[in-house]
Amino acid sequence: MNKLRPRNKICFQNNKNIHANLNIIKLKKKKWQLLKNNIFRKTRKLDFIKYQVKIKKELKKAFKTSYKVNNNNSILSLFKKLNQFKRPEKKNKLYKERLFAKQQFKNFYGCIPEYQLKNLFNYLKTRNNNNNIIHKFVILLESRLDMIIFRSKIAKTIFESKQIINHGKIKVNNQIITSSNYILKRGDIITLNNFKIVKKFYYIKKKKNIKKSFELIKTIRKNKVNYIQFNNKYNICIFLRKPLFKEIKYPFDLDLKLVDEFFKYN
């Protein structure tokens, strides 16, 4: 069921445009309002500042009328409201942030089950003695077959790349592979087996406007990854090397320290 989860639901749960494929302008229902606010505005901070200003004004009025704090219960209640957000429980706050970062991380890589991620993380932890585990963990996930197909723009989403692999439409070194968690090695050649790429999505069309007549200038492939080489004529993808940690980019803000802490302490 996790593989068939639509990308709209993932964005709704995490309040972020994780795969950068969701057209936010078309979302007009009320349920998407929170997602729009998190992407375009920072309403929570502004509301919190307005709330603090209101309470401070009420405190000034209360002190002018009655200065004795011990006898007046209304002033004490205002102080509690003012310090309500300044005294959170640290454990609950950290756990919430770590869990939210882990969910975004898991959904970006195609809703991999949590027990598989934990087993892989613990294996690297025992092998490398706690030295840059999260770096090696991310590099290993990026060298999976489904992720390479998604990065090379053969498939539009990672869920589409998993479906292509399960139907046996991809070959690695002239062998059909149906497991999406296959880890590629240096120099592996990926070819397509009875599968065509849609040119509308994978090519940018630059046009000129001369007297209301459009002319096609170029068709450029959107491939900005240095560790993958793609041939447009023969539709062959070559995995040159393992990616560096600096080269890995996400279409949303993700704190990998929180992900590292979640798998270490939970």
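**Close-up views of aromatic pairs, cores and a helix contact**

Across the whole structure, which is a predicted model, a search finds 12 aromatic pairs.

**View 1. The aromatic pair of Phe 108 and Phe 252 is edge-to-face.** The two rings lie 6.0 Å apart, centre to centre, with 65° between their planes. Because Phe 108 belongs to helix 5 and Phe 252 to the loop between strand 6 (236–239) and helix 11, this pair ties together parts that are 144 residues apart in sequence. Phe 108 counts as buried, at 1% relative accessibility, and Phe 252 is buried as well, with a relative accessible area of 10%.

**View 2. Phe 252 also forms an aromatic pair with Tyr 250, and this one is tilted.** Here the ring centres are 6.1 Å apart and the planes stand at 55°, while Tyr 250 is buried with a relative accessible area of 19%. Ring pairs link both residues into a cluster whose members include Phe 105, Phe 121, Phe 262 and Phe 263.

**View 3. The largest nonpolar core has 30 residues.** Phe 105, Phe 108, Tyr 109, Phe 137, Val 138 and Tyr 250 touch the most other members of this core. Among the elements that give two or more residues to the core are helix 5 (90–108) and helix 7 (133–142), and helix 7 gives the most, with 6 residues.

**View 4. Helix 6 (residues 114–128) packs against helix 11 (residues 256–265).** Their axes are 10 Å apart and meet at an angle of about 85°, so the two helices are roughly perpendicular to each other. Glu 114, Leu 117, Lys 118, Phe 121 and Lys 125 in helix 6 meet Asp 260, Phe 262, Phe 263 and Lys 264 in helix 11; by class, this contact has 4 nonpolar, no polar and 5 charged residues.

Methods. Residues numbered from 1 in each chain as written. Predicted model: local features only at pLDDT ≥ 70, side-chain atom pairs only at ≥ 80, totals over all residues. Heavy atoms only, no water. Axes fitted to C-alpha atoms, helices over the stretch in contact; angles between N-to-C directions. Helix = DSSP H or I, 4+ residues; strand = E, 2+ residues; numbered from the N terminus. Parallel < 35°, antiparallel > 145°, perpendicular 65-115°, else oblique. Contact = heavy atoms within 4.5 Å. Nonpolar A, V, L, I, M, F, W, Y, C, P; charged D, E, K, R; others polar. Core = buried A, V, L, I, M, F, W, Y, C linked by side-chain atoms within 4.5 Å. Buried < 20%, exposed > 50% of the residue type's maximum accessible area, 1.4 Å probe, protein only. Phe/Tyr/Trp six-rings, centres within 6.5 Å; stacked < 30°, edge-to-face > 60°.
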